[in-house]
Amino acid sequence: MNKIDYIFKNKMFVLVLICLIGIILNFSYSNFFVLSNNHKVAEMYVGELSYTININGNNTNFVSIPNGTSDITLLISSKNEIITKYKLGYIIDNNNSNYSIYYYDDTSYSTPSGSITSNGNKSIKLRITNNSSAALKFTFKVFGGYDYNDLNSIVLSGGYMQITEVVPDACVFTGNLVAGATYSYGQYTYIYKMYNYYNVDEDSYQLKSFSDDGWSVILTDKDSTAPVTSEICSSINDKPIVSTSAMFANSKAISISYKEFDTSNVTDMNCMFCNTSFTDISSLVFNTSKVIDMSYMFYNSKYTDKLYLTYFDTHNVTDMSYMFYGSAASDINVTNFSFYDIVDMSYMFANSTTQYVYFISDIPDGSILNNMFENRTIDTVFVPSTVINSDFTQDITKYPDTMRITVIV
């Protein structure tokens, strides 16, 4: 009898357990349809969504951006078996705000929010400008939702911010175009109808105006040692760059790189590279056909390689005073220089540590050549016989024991 009671009780326990499970399942099933209108149950049912991030070909979700402007490409990969929605968020170490971040809105790339197919990929290209002297660390994260969710229902958390601005049209100014108006793009600042004049004696800048309908350009952060790599506008709103005065003056950058920099309308290159620290420059091939002022251009430049300026067209230049004063260049080649309109070449190579200087063109009598080679360490000056005019000879022969003149016939 006891055995029968034991079996009966066990069967009753099993039946009760089955009933309880049925009630729970029925409640869950009902709750599924009750909550399915706001899709909360789908999140519970499917579980957490999963994505991976690849930056510039590396499986990582963070990147260090140096001073200046950098373009990066992120590849978002969905690890989900369903179509989902996504938002790309970012966060910066130390909450630095001295930056800008944009996304490219064209057919080649996706936007930082949208829909992604099952196990699909999205390629997103970003442009980040770091205006700080130190590198900034950007960390990215994907926030997901389901295909029937609205994008607005996907909320970024943990301090992550959304990328909402499109890369602005390059070299387009949208403000009030008046003298003194400024436009910043990449690592450069442009000023309309005004330019920065650097006084090397007083170590000070002065903003001056010019009459040409164009812009001046200057490196924004002169204290940064980071390489200068930003694109340079050749024109802004179809108005050209007419002055590069003090463009890189006093820059601590170790290298300067640019391409397709149209200088065909530039008239003033005064002090363009004066007091610079760079040891590497991508090119010195400029269109200088309209330049009038090259004074102080390489004044106290620390650039130690050879300055081959054979592409310079100087037929309009009137002022080359102090052009290479204190220059550390090993050789200075100005064989293609035209001096027909030159007025002032005083102190042109003074205090220079260059070893060799190469001339070809004649220097007209009457040019100001005062102390052209004062306190320099030049070993040899190569000149054609036509250069040996009275003024040039008078200045160069002040140093008969320390500098040789090699005449090219």
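Predicted model: local features only at pLDDT ≥ 70, side-chain atom pairs only at ≥ 80, totals over all residues.
Helices (H or I, at least four residues) and strands (E, at least two) are taken here as DSSP runs and numbered from the N terminus. By that rule, the protein comes to 3 helices and 23 strands. Residues are numbered from 1 along each chain as its sequence is written, and side-chain values use heavy atoms, with hydrogens and water left out.

Let's begin with the overall picture. Of the 409 residues in the protein, 47% are buried, where buried means under 20% relative accessible area, exposed over 50%, and partly exposed in between (1.4 Å probe, protein chains only). A contact means heavy atoms within 4.5 Å. Among the contacts with a separation of 6 or more, 71% are between residues 24 or more positions apart.

Leaving aside residues up to four places away in sequence, M345 touches M320, S321, F339, F359, I363, I368, L369 and M372.

Y296 lies in the loop between β18 (280–281) and β19 and is buried, with a relative accessible area of 17%.

Next come the rings. Rings of Phe, Tyr and Trp (its six-membered ring) pair if their centres lie within 6.5 Å; planes under 30 degrees apart count as stacked, over 60 as edge-to-face and the rest as tilted. The structure holds 30 aromatic pairs. One of them joins F273 and F278 edge-to-face, at 5.8 Å centre to centre and with 65° between the planes; F273 and F278 are both buried. F312 and F337 make a stacked pair, because their ring centres are 6.1 Å apart and their planes are at 5°. F312 sits in the loop between β19 (307–308) and β20 (331–333) and F337 in the loop between β20 and β21 (356–358), so this pair ties together parts that are 25 residues apart in sequence. F312 is buried at a relative accessible area of 2%, and F337 is buried at 1%.

Some rings carry a charge above them: that is, NZ of Lys or CZ of Arg is within 6 Å of the ring centre and within 35 degrees of the ring normal. The charged end of K125 sits over the ring of Y104, 4.8 Å from its centre. K137 places its charged end over the ring of F62, 4.5 Å from the centre.

Finally, where do we find open space? On a 1 Å grid over the protein atoms alone, a pocket is an open set of points where a 1.4 Å probe fits, with protein on both sides within 12 Å along at least five of seven lines; lining residues have an atom within 4 Å of a point. The largest pocket has a volume of about 460 Å³. Its lining has 28 residues, and the closest to its centre are S100, T129, S184, Y185 and G186.

How values were computed: Points joined across faces, edges and corners; volume = space filled by probe spheres on them.
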